[in-house]
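The sequence and structure come first.

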Amino acid sequence: HLSRNIFKDNLEKIVSKLSTGFVTRDFLTEEGIRASKWIKELWEAISSKRNDIDVKFCEHDPSLSNQSSIIATIEGSAEKHSIVILGAHIDSINQMWGEQSAPGADDNASGVSILPELLRVIVETGYVPEKTIQLMGYAAEERPSHVLGSPCCRGSRDIALQYSNGGKNV
């Protein structure tokens, strides 16, 4: 069981970095873009010991977001074209309700912190899944439609559309 190897201290460190290392992770800000880059670099560092794990940005149309989503792919051993997705959003809200900062420990640093910790456990235990696993940090999930005129969940919707149009088996 992989869950036995997940460490609370590691989760707390990631939440702390995401909630104190950035004024915001709002997808419309430079800080949000910087946060996305930091997460990708963290995932790359964690997975660097394994050549069967690929970490990449998923760029979105600039009308959706300047912040990129992040996808870590652990290729399956038997059913590599069947994909299991585990995801959380990487952005936080900011200045919608007059806040000066919204680093988002509970929105959603606590949720996204499990993804690099799970990746670490997969790498350290040498786990190779039968089906391909993709860990996704979704960009541009915040901001309700009345704020920008388009729905929230932009990053995950865009990826879902790309996967649907590409015939991916999720």
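Leaving aside neighbours within four places in sequence, L119 is in contact with W43, I46, S47, I53, A72, I74 and L135 (contact means heavy atoms within 4.5 Å). Residues are numbered from 1 along each chain as its sequence is written. The model is predicted, so local features need pLDDT of at least 70, side-chain atom pairs count only at pLDDT 80 or more, totals for chains, interfaces and linings use all residues, and side-chain values use heavy atoms, with hydrogens and water left out.

L119 is also among the residues with the most contacts inside the largest nonpolar core, together with L18, W43, I74 and L135. A nonpolar core is a set of buried Ala, Val, Leu, Ile, Met, Phe, Trp, Tyr and Cys residues joined through side-chain atoms within 4.5 Å; buried means under 20% relative accessible area (1.4 Å probe, protein chains only). This core has 27 residues. Helix 4 (114-125) is one of the elements that each supply at least two residues, and helix 4 gives the most, with five residues. Apart from this core lies another, of seven residues, among them C58, I71, Y138 and I159.

Helix 2 and helix 4 pack at an angle of about 15°, with their axes 9 Å apart. Helix 2 is therefore roughly parallel to helix 4 (angles under 35 degrees count as such). The residues that make the contact are tabulated here.

| Helix | Residues in the contact |
|---|---|
| Helix 2 | L42, W43, I46, S47 |
| Helix 4 | L115, P116, L119, R120, V123 |

By class, this contact has seven nonpolar, one polar and one charged residues.

Technical notes
Buried < 20%, exposed > 50% of the residue type's maximum accessible area, 1.4 Å probe, protein only. Helix = DSSP H or I, 4+ residues; strand = E, 2+ residues; numbered from the N terminus. Axes fitted to C-alpha atoms, helices over the stretch in contact; angles between N-to-C directions. Parallel < 35°, antiparallel > 145°, perpendicular 65-115°, else oblique. Nonpolar A, V, L, I, M, F, W, Y, C, P; charged D, E, K, R; others polar.
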